[in-house]
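I opened the model and kept notes on what I looked up. They follow in the order in which I made them.

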Amino acid sequence: MTTSDCILETRGLEKRFGGVVAIASVDFNLKQRELRCLIGPNGAGKSTFFKMLTAQLKPTTGQILFDGVDITRAQPHQVSRLGIGIKNQVPDVFNNLTVAENVSVAAKSRDGKARAVAKGKDVMERLGLTALAGRLVGELAHGQRQWVELAMVVALEPKLILLDEPAAGMTADETNKTAELIREVNKSAAIVVVEHDMQFIKQIAQTVTVFHQGRVLIEDTMDKVQGNELVREVYLGKSEDD
Amino acid sequence: MIAHWQGNGGLVAATALGLVLLLALPQVVDPVMMIELTSYVIMAILALSLGLIWGYGGILCFGQSAFFGIGAYAYAIAVINFGDSTIPLLLSIIVPGLFAALLGYFLFYARITDVYFGVITLTVTLILYKVMGATSGSQYVIGTAAIGGYNGIPAVPPLNFPGRPDAALSFDGLFYLSGLTLLAIYVGLRLMLKSRFGQVVVAIRENERRAELLGYDARFYKLATFTIGGAIAGLAGCLFANWGMFISPDVFGLAQSAQVIIWVIVGGTGTLLGPIVGCFAIQWIATKLGAQQVLNANLVLGTILIGFVLLVPKGVVPTIGDAFRRLKFRPYVAPLVEQRRVP
């Protein structure tokens, strides 16, 4: 793969917390406008991986290249400005600000006032948040707060979007809408989605990467991954010694 | 919180009320009380500076009096040397501003947070107390100004009309100048908080990580807020040195540092009016308590503080604001209800 069609690459990425290895030498490649799903049991290192990609955690060793730029030692705001947007696992929003203010703070990070206001309105419209514009985000239901965070990420117009469990706590209807939104945004941005909801994964999946104990177990199409013996073992919790 | 201020109606009303009070009070209040009142106004500027840093920036600074004291000393030392007060007045803003910028740079860029930030800033002001107290020898002279250790600097020359040292500010003049300064800073901060910069500062207080993931360098915004707060506190210090025509290391003491925090707690964080109201109320009560012999003043003030923390934890102004909103708006019914159709 040449650098031009590769948006994200990690080389030997590793994160240790004391003696615990959360991520062990992960080599990960993502193409421009690719949609990738990341699955794996709890504690497989998916969220740790995301946090390193967005500089919320510093890797112990290894290298992260985004769009040809080494961001291994960058600050979170620099990574964001380069074009990575993330929705964290727990809704990560401004609880005491209104929905409109949340989206506006995000939009103003990239654009002048006039464009930011227009974009904020447009994004809220697209995500069906207009009716909630004046509400304090802290008063909203969990699913709605997820949407506010999604709106903030979309308003950044990133080149790469990382979504950590975007459908968690959503109704079936909301989950379908999320899948639709992901496909739409994917037209202009690469997306990596971490999810446990297999129905949701099936809706959107192209290539699936399976993490297990901090390593990449397998990387293939959804069908192949589902049929894989190792993956079944990992998810059923069968030990390798048996 | 920004949402509650949409439109400038509140700001215009507050400004008008401030101007009326500024013009009317000297006509109706006796001269002795005017002296007290002037010191309240000056301290309210100090309270406002902490209200910005803590209430909006989310930075708990226990040593706001450090900048106040540095401003006072910078003015006193400079004006004794220069005679004319124009440059000393500017120095009383610039020197504490630079000090805040330097201190803040090391603390914010090292990502020192919350409690540690409070401890370090408190320590800094106490170190300044010790250092300034140790300057009593005749060798501690800057130009013609003897620093004087714990005895402080007496006979600090008053402010004068720019460029005319003979046209000194009268005591009434100091009241008007302090009042106008308070009003101007209040209006300035309100406008600043409505700007993009202000929105980002509040967003960082709400969720620093999210703000950074949106592309804002939280360290820079906090440093800028802290520096502005330090400069404002320094200006209050200059006015305070004018008020007493005297300055001593007591401005760096624990009592002074604690007072400012109490004013902001009682008045309410997250508003600009709160710290001003809290400052006036507590100082007025302290003055009244000092005039009687039945109860120990500090005991009563301590009880008031504990009562506030337990019963009105948000402070006076936000609590009144909430009560008004409850009267004005009926509880909001979530739109989810509308979606629940009968099958």
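Entry 1, terms and numbering. I take two strands as paired if DSSP finds at least two bridges between them. Helices (H or I, at least four residues) and strands (E, at least two) are DSSP runs, numbered from the N terminus. Residues are numbered from 1 along each chain as its sequence is written, and chains are lettered from A and ligands numbered from 1 in the order in which they are written. This is a predicted model, in which local features need pLDDT of at least 70 and side-chain atom pairs count only at pLDDT 80 or more, while totals for chains, interfaces and linings use all residues.

I found nine helices and ten strands in chain A. Its radius of gyration (taken over C-alpha atoms) is 18 Å, close to the 18 Å from the globule rule (2.2 Å times the number of residues to the power 0.38) for 242 residues, so chain A is as compact as a globular protein of that length. Along the principal axes, the C-alpha atoms of chain A fill a box of roughly 60 × 40 × 35 Å. Of the 242 residues in chain A, 47% are buried; that term requires 20 or more other C-beta atoms, placed from the backbone, within 10 Å of the residue's own.

In which order do the six strands of the open sheet in chain A lie? I read β6-β7-β8-β3-β9-β10, with mixed pairing. In chain A, β6 (84-87) and β10 (215-221) are at the edges with a single partner strand each, so one side of each has no neighbour in the sheet. From one strand to the next the twist averages 20 degrees. Strands β7 (residues 160-164) and β8 (residues 190-194) of chain A run parallel and are joined by five bridges. D164(A) has V194(A) as its bridge partner in β8(A). Helix α1 (residues 46-53) of chain A packs on this sheet, and its direction makes about 150 degrees with that of β7(A). Such angles run from 0 to 180 degrees between N-to-C directions, with axes as lines fitted to C-alpha atoms, for helices over the stretch in contact.

Entry 4, the four-stranded sheet. I also looked up an open sheet with the order β2-β1-β4-β5 (chain A) and antiparallel pairing. Here β2 (20-31) and β5 (69-70) of chain A are the edge strands, each with a single partner strand, so one side of each is left without a neighbour in the sheet. Two bridges join β4(A) to β5(A), and F66(A) has V69(A) as its bridge partner in β5(A). α1(A) packs on this sheet too, touching β1 (6-17), β2 and β4 of chain A.

Is F66(A) buried or exposed? F66(A) is buried, with 22 other C-beta atoms within 10 Å. F66(A) belongs to strand β4 (residues 61-66) of chain A. Beyond four places in sequence, its contacts (C-beta atoms, placed from the backbone, within 7 Å) include I7(A), I71(A) and L160(A).

The contact between the chains takes 24 residues from chain A and 18 residues from chain B. On the side of chain B that touches chain A, α7(B) gives the most, with five residues. The predictor gives the complex an ipTM of 0.91 and a pTM of 0.90. Over residues 331-343 of chain B the pLDDT is below 50.

Key
Two residues are in contact if their C-beta atoms, placed from the backbone, lie within 7 Å. A residue is buried if 20 or more other C-beta atoms lie within 10 Å of its own, exposed if 12 or fewer, and partly exposed in between; C-beta atoms are placed from the backbone. pLDDT is the predictor's confidence in each residue, from 0 to 100.
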